[in-house]
Amino acid sequence: MTTVESLSDKLFKELDKASSLKQLEEMRVAALGKKGAITDLLKNMASLSLEEKKTYGQQVNALKENFATALEEKKKALEAKELEAKLQSERVDVSLPTVGKPEGKIHPVYQVLEEMLAIFNQMGFKLAEGPDIEDDFHCFEALNFPKNHPARQMQATFFMDGEEDLVLRTHTSPVQIRTMENIKPPIKIVAPGRTYRCDYDMTHSPMFHQIEGLIIDKTTNMGHLKGCLVEFAKAFFNVEDIPVRFRPSFFPFTEPSAEMDIGCSRENGEFKIEAGKGWMEVLGCGMVHPNVLKNCGLDPDEYQGFAFGCGIDRFAMLKYGIPDLRTFFEADVRWIQNYGFGALDVPNMIRGFAAGVQK
Ligand code: DAH
């Protein structure tokens, strides 16, 4: 007959030797299960006296409890050991070099911005900057948008929460005002930057980029404006007979005003410069309105000049054949690998602008 002591002896010896969680589980079932060895011990009770039954029952129960606790402890120890082994086997040496050569890319918007600035710089324009968060005066009022004028609605403005007077600039034109407030003519600047409007489709994104241009002196006229922008387009696209047209337009801050379109086609997911297919508007321009000059403390009888504002993103779409503007800002790594530029493709007038052609 198996005694409590001999079974206890046997079970604890086996438990000592157990080396896997699987073994432990088998042992638990074999000892404590319905038909297990400890449960079996109770069958011996029948032949015992009442007094003996009491002590025997207590011994069996004590063994049951002790063995269950010992199993649990062993289980914890084995689990910790297994985890440690797993961590060791999956250990990563972070000091090893990465697989393949990690390569960052320049976003096409910034590539194109550099290309555009290099050309304007060559034409004698200096760089100017202004804040993304503008006040009403610089964004609208000084640019001859009277309060409640319908032209303000054309701009789909984002207003700053709880700030009556502050907006996310809808265009880079406020930099014209800031420049004329601070510098005496002659002025010849370009001002690139982010702009914001509540707009979203193939050719509009709520955040986009513009370059503003401004020339103020005593003689610059509409002919200079046209010559400057056509020459710019030829240099930028590297196309001598680029299809360009100027359409009469309206902006409160210029008179007369025009828009420049570039001939393009959008076929089979391909977007390219082409005459006779369609047009894409790329910039607004005109002669600076006398009221704007006055608002900046300049005498319109003495000074005159032109201004223009172009969408950088649209120039990027046209030059590099990217059909949908929204993809620019989706931060998809595959997109940037395809349309991005190498860090050393720095555009300049000597190497040319087509140097960093899309890869
Ligand atoms: N600020 C205008 C816009 O975003 C673009 C523009 C038009 C700028 C004519 C100019 C200009 O400087 O003369 O719609």
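The structure is a predicted model, in which local features need pLDDT of at least 70 and side-chain atom pairs count only at pLDDT 80 or more, whereas totals for chains, interfaces and linings use all residues. Residues are numbered from 1 along each chain as its sequence is written, and side-chain values use heavy atoms, with hydrogens and water left out. Helices (H or I, at least four residues) and strands (E, at least two) are DSSP runs, numbered from the N terminus.

**Helix H9**

- Helix H9, residues 222-237, has 16 residues and spans 23 Å from its first C-alpha to its last, which is close to the 22 Å expected at 1.5 Å a residue; the expected span is 1.5 Å times one less than the number of residues.
- The buried residues of H9 are Leu225, Cys228, Leu229, Phe232, Ala233, Phe236 and Phe237, where buried means under 20% relative accessible area, exposed over 50% and partly exposed in between, with a 1.4 Å probe and protein chains only.

- Asp135 lies in strand S2, residues 133-135, and counts as buried because its relative accessibility is 19%.
- The side chains of Asp135 and His138 are joined by a polar contact of 2.8 Å; a polar contact is a pair of N or O atoms within 3.5 Å, where within protein one must be able to donate a hydrogen and the other to accept it, and residues adjacent in sequence count only if both atoms are side-chain atoms.
- Leaving aside neighbours within four places in sequence, Asp135 is in contact with Asp165, Leu166 and Arg178, contact meaning heavy atoms within 4.5 Å.
- Thr179 belongs to helix H8, residues 174-182, and is buried, with a relative accessible area of 6%.
- With neighbours within four places in sequence again left aside, Thr179 is in contact with Ala128, Ile187 and Ile189; the C-alpha atoms of Thr179 and Ala128 are separated by 7.4 Å, although these residues are 51 residues apart along the chain.

**A strand hairpin**

- Strand S6, residues 244-251, and strand S7, residues 254-267, pair in the antiparallel sense over 7 bridges, and two strands pair if DSSP finds at least two bridges between them.
- S6 and S7 form a hairpin with 2 residues between them, and Ser249 has Ser257 as its bridge partner in S7.

**Aromatic rings**

- Rings of Phe, Tyr and Trp (its six-membered ring) pair if their centres lie within 6.5 Å, and planes under 30 degrees apart count as stacked, over 60 as edge-to-face and the rest as tilted; by this rule the count comes to 18 aromatic pairs.
- Phe328 and Trp335 form a tilted pair, at 5.3 Å centre to centre with 50° between the planes, and both Phe328 and Trp335 are buried.
- Trp335 and Tyr339 also form a tilted pair, at 5.1 Å centre to centre with 50° between the planes; they are about one helical turn apart because 4 residues separate their positions in helix H12, residues 333-339.
- Tyr339 counts as buried at 14% relative accessibility.
- Ring pairs link Phe120, Phe125, Phe232, Phe236, Phe237, Phe306, Phe308 and Phe315 into a cluster.
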